[in-house]
Amino acid sequence: MICKSCKKELNTTNTYASDHRYCITCGAEHITYLSERKQTLLSLREMNLESKIIQTKHLIKEAVQEFGLDKVYISYSGGKDSTILSHIAKSLYPDILHLFANTTNEYPETIQHIKWEKEKNDTNIITVLPIDCHGELWTFKKVVERYGYPMFSKRVSNAIRTYQHALSERTKQNSQNYIDRNFKKYDKFKELPISDKCCDKLKKEPLRRKAKELGLKCAILGTLASESYQREKDWLEHGCNVFHERKDNQSRPLSFWTDTDTLEYISKYKVKISKLYDMGYNRNGCMYCGFGVHLEPSHCNRYQKLKHTHPAQYTYFLNNFGHLMQEFEIDIT
């Protein structure tokens, strides 16, 4: 292996202990850099709402100036954050393209909101279905049966999938060591059908194919860095606009917003959001996704809530995935 920064060959004596991608010198410098970035993120989060709106508009304009209005698109989920992003982006570019990935696992209220945006709010939306390059339609059930259930978190699911599909004993042991270091309490689930492939098959890959088909070059996303460890880590490394650095160009102009900001914006600008939020939900993701469910209150997690708000969808979930929830030790009754 070589140091990610200076390209010096790494060995047992010069590898940075906390991050094996770097040599000792570069590793220490990287830690200092991340510490400074954390302070920057903290400062951005402390700005008032109007200042954040100005900065968000600037970031959107940067993406449009870099790639052209006909080459960017809003990756639209129908949730409150992407609806705020849409509202701001449309104030600059009223006809900016939106791509909505219908994962076949959406709440009915999300589908209704997408229909309202398209038909009543003049939002330029194309709905993308999870059809692969061979013309096969993926469904949540099919993905679970073939790859495994998205459970606990994307990082945990990825670690378990990597362990299960290791091609050599050495790789398997490395995967086990990684689980031991980072996810010890999930070790008992490592032989169960768990995987992080669901989002790839139902959302990311179909969106990439549609973007390529349409000649689009940059996705504008309504994600907040505070939503997950991985998103905050990615922001610390790369910031809001990530152009020409990775396979996919991305603009994430709401990264430094907080949940308080989003609620204030919705109230102040009278933004219409999905009715799902009036039903006690604080997220509009895929109905049956298991990421984070183990952290929710045991008496009112998302599946227990689904039982009361969407009984037909809950019955389908119980009949098809109830046995897995028992193995994952998730109460759904």
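## Strands, helices and a loop

Helices and strands are DSSP runs, numbered from the N terminus; a helix has at least four residues and a strand at least two. With that in hand, look at Tyr 107. This residue lies in the loop between strand β2 (98-101) and helix α4 (108-119). Keep in mind that the model is predicted.

## The whole protein

The protein has 12 helices and eight strands. Its C-alpha atoms fill a box of roughly 65 × 50 × 40 Å, taken along the principal axes. A compact globule with 333 residues would have a radius of gyration near 20 Å, and the protein has 21 Å, so the two agree.

How much of the protein is buried? Buried residues account for 47% of the 333 residues. The protein exposes about 17500 Å². Carbon and sulfur atoms supply 51% of that area. Now take the contacts between residues at least 6 apart in sequence: 70% of them join residues at least 24 apart.

Is Tyr 107 buried or exposed? Its relative accessible area is 1%, and buried means under 20%, so Tyr 107 is buried.

Which residues does Tyr 107 touch, leaving aside those up to four places away in sequence? The list includes Leu 276, Tyr 281 and Arg 283. Asn 284, Gly 285, Cys 286 and Met 287 are also on it. Leu 306 and His 310 are touched as well.

## Ile 114: inside helix α4

Move on to helix α4, where Ile 114 has its place. Ile 114 has a relative accessible area of 6%, under the 20% cut-off, so this residue counts as buried. Not counting residues up to four places away in sequence, Ile 114 touches Tyr 76, Gly 78, Phe 100, Ile 125 and Thr 127.

Ser 274 comes up again here. Ile 114 and Ser 274 are 160 residues apart along the chain. Their C-alpha atoms are separated by 8.7 Å.

## Two residues with positive phi

Asp 122 is not a glycine, although its phi is positive, at about 55°. Where is Asp 122 found? It is in the loop between α4 and β3 (125-128). The relative accessible area of Asp 122 is 62%, and exposed means over 50%, so Asp 122 is exposed.

Glu 329 also has a positive phi, about 65°, although it is not a glycine. Glu 329 lies in the segment after α12 (311-327). With a relative accessible area of 53%, Glu 329 is exposed.

## Where α2 meets α10

Helix α2 (residues 49-67) packs against helix α10 (residues 259-268) at an angle of about 90°. Their axes are 11 Å apart. Angles of 65 to 115 degrees count as roughly perpendicular, so α2 and α10 are roughly perpendicular to each other.

Which residues make the contact? From α2 come Leu 49, Glu 50, Lys 52 and Ile 53. From α10 come Asp 261, Glu 264, Tyr 265 and Lys 268. By class, the contact of α2 with α10 has three nonpolar residues, five charged residues and no polar ones.

Terms used. Residues are numbered from 1 along each chain as its sequence is written. This is a predicted model: local features need pLDDT of at least 70, side-chain atom pairs count only at pLDDT 80 or more; totals for chains, interfaces and linings use all residues. Side-chain values use heavy atoms; hydrogens and water are left out. Axes are lines fitted to C-alpha atoms, for helices over the stretch in contact, and angles run from 0 to 180 degrees between N-to-C directions. Angles under 35 degrees count as roughly parallel, over 145 as roughly antiparallel, 65 to 115 as roughly perpendicular and the rest as oblique. Contact means heavy atoms within 4.5 Å. Ala, Val, Leu, Ile, Met, Phe, Trp, Tyr, Cys and Pro count as nonpolar, Asp, Glu, Lys and Arg as charged, and the others, Gly among them, as polar. The radius of gyration is taken over C-alpha atoms; the globule rule is 2.2 Å times the number of residues to the power 0.38. Buried means under 20% relative accessible area, exposed over 50%, partly exposed in between (1.4 Å probe, protein chains only). Accessible areas come from the Shrake-Rupley method with a 1.4 Å probe; for residues, only the protein chains shown count as cover.
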